[in-house]
Amino acid sequence: MIDNLKEKLKEKINRRGFLKVAGTGLTILALQKMLTKLEAKDVLETKSITGKRYAMLIDLRKCIGCDACSVACNQENNVPIGFYRTWVKKVEKGEYNNVRDYYIPTLCNHCEDAICNRNCPVKATYKTSEGLTLVDYDRCIGCRYCMVSCPYNVRFAHPYRKTVDKCTFCVHRLKEGKLPACVETCVGKARIFGDINDKKSEIYKAIATNSIQVLKSEQNTKPHVFYISLDIETAEAGKTDFDYMKYYRRDIKKELGVNGNRIKEQYNILKGISEADRKYKHQKKLNP
Amino acid sequence: MDNIIYMSTHEIPLLTKIANYFYLTGISAASFIISSLAYVFGMEKYKDCGKISAIIAFGGICIAPIFLIMDLMQIPRMFYLFFMFNFESPLTWGTIILSLYILNCFLYLYYIFKENKKNLKLFGIIGIMLAISLEAYTGFVLALGKGIALWNTPLMPIYFLISAMVSGTALLIIIVVIKEKFFTNFEIINKIFPQIQNEVIYDLGKMLAVFIAIDLFIAFSDVILLFYSTPENSIVARVLLKGPFNIMFLFGEILFGMVIPFFIFILPKFNKNIALLTFASFLILIGVWFMRYVTVVGGQYVPLM
Ligand code: SF4
Ligand code: SF4
């Protein structure tokens, strides 16, 4: 009888011990999972250790300043009206008889040593192994510190998604083996996109055989958007003139203040954004 | 010669809320340091105003983060700051320092009213280090904003620290004067906060004059260096001196915020006149706010691309 009881007690204790161990184990597992979830970034970073390094080369001799890239980008990525992930800075130089327009298409440089990446407090901005600088929209807290850190002013505060946003080199298209929308649409074939680690690629050859420049090399961010025949004066223009500053400074709140005829526009954008967000989440689910 | 046809529109991401945040953390950190004069370094003279400034320190640091949080675009995600660290980012340093500092301020205040000397000293010493790091980190936040010429200077942390000391001392003078003037008839207040002699205010004024002198010197070095440095920097110097921020900078920050109060505090003719000292302290408080505003917003005013 007593032995029986002892046995039972032992069993109970054992079971309890087992439960304890199992419980702790489970908690640890859950914690670990939580932590890995926090650490998990995008598909690209975890999956493709391919040794690729994406970059873009813009041959300004071929750029005609048609803005097709901006339009294509805005369509592809549902960029809200009034914001740009890529835009073309245009400057007219000289006087009558000796005039020329200069263009600089500008986008995120996907810097090697990206200061935005270093300064983001929650690692919402991150570098993939292919060298892209991306923003995790589910993680960004919208402190906008990256916006003021970036020396190229390429980031903007997405008014509907309420995070920052910027050029992604069309990462969703790259995954499907397509080129970024701006590259594909460029009428003068001024934009060359590819892997600069691949010695046979078009971009590698073009960089090797031309004199190339980058914007603001003194900032030491090692940009990966290269230019051929970049005009310094064009790049610098507009910084010194206070009138321009006033004109180009924007008051986002006033601009987006709901005034009559913009309501419908905004509604349409909102719909577009939620669509894009859904797609983004779906993609994330497919390739966790 | 160049005629700009199109250039990206340019928004200013960080505005008044961030300036207010820097302003309040500055006041809080400085008040803590002043308060520690009495309780850590044993200057008995400042004991009674040390109590007041400890309260200012705690109050300031309770309000300050509200501005920071309200400025986020994703307010519910603010908790991410405590789970996902990026130790390269000054904002993460800030999260850690700020949380520790709030805790420390609370304990420090608690032990002041418990009159527990040993613990008080311990938390005072930790608190001084935290207060200095708190101010320095706000400077680093700006200094590491690489693209912006006005911010990207090693002077920034020390500029912030010293102007914080200026504003903290000025606020203390104002509050002490108000208390002595209007609240002498309340029993409870007199019990907790004993009367403060005018001599203490004069001494605080002298201290303030020294801080202002250092502050002026740093502001001067900053502008001189900006003026003669790279093209970006000289544009920023022109924004400050000739551009849209010149009234705020030259009059708000320098003339009314530093030079006039400085003379009020050092000239023997004025520096025993309590009303004038209070007035000067008010000017300083406004001037330091302008300094924060000009630094935060003026820096972002120049288009980058
Ligand atoms: S261009 Fe700006 S946003 Fe893009 S990677 Fe470089 S620093 Fe970051
Ligand atoms: S706004 Fe978002 S991406 Fe930018 S620094 Fe803050 S959390 Fe990071």
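1. Ala, Val, Leu, Ile, Met, Phe, Trp, Tyr, Cys and Pro count as nonpolar, Asp, Glu, Lys and Arg as charged, and the others, Gly among them, as polar. By these classes, the shell around ligand 1 holds nine nonpolar, three polar and two charged residues.

2. This is a predicted model, in which local features need pLDDT of at least 70 and side-chain atom pairs count only at pLDDT 80 or more, while totals for chains, interfaces and linings use all residues. Residues are numbered from 1 along each chain as its sequence is written, chains are lettered from A and ligands numbered from 1 in the order in which they are written, and side-chain values use heavy atoms, with hydrogens and water left out.

3. Ligand 1 is surrounded by 14 residues (a heavy atom within 4 Å). The closest are Cys108(A), Asn109(A), Cys111(A), Cys116(A) and Cys150(A).

4. An open, antiparallel sheet has three strands in the order S3(A)-S2(A)-S1(B) (strands are DSSP runs of E, at least two residues, numbered from the N terminus; two strands pair if DSSP finds at least two bridges between them). S3 (98-106) of chain A and S1 (3-6) of chain B are the edge strands, each with a single partner strand, so one side of each has no neighbour in the sheet. Neighbouring strands here are turned by 25 degrees against each other on average, direction ignored (axes are lines fitted to C-alpha atoms).

5. S2 (residues 87-95) of chain A is joined to S3(A) by nine bridges and runs antiparallel to it. Val88(A) has Pro105(A) as its bridge partner in S3(A).

6. S1 (residues 54-59) of chain A is joined to S8(A) by five bridges, again antiparallel; Leu57(A) has Ile192(A) as its bridge partner there. S8 (residues 191-195) of chain A is mostly covered, with five of its five residues buried (under 20% relative accessible area, 1.4 Å probe, protein chains only).

Technical notes. Helix = DSSP H or I, 4+ residues; strand = E, 2+ residues; numbered from the N terminus. Axes fitted to C-alpha atoms, helices over the stretch in contact; angles between N-to-C directions. Buried < 20%, exposed > 50% of the residue type's maximum accessible area, 1.4 Å probe, protein only.
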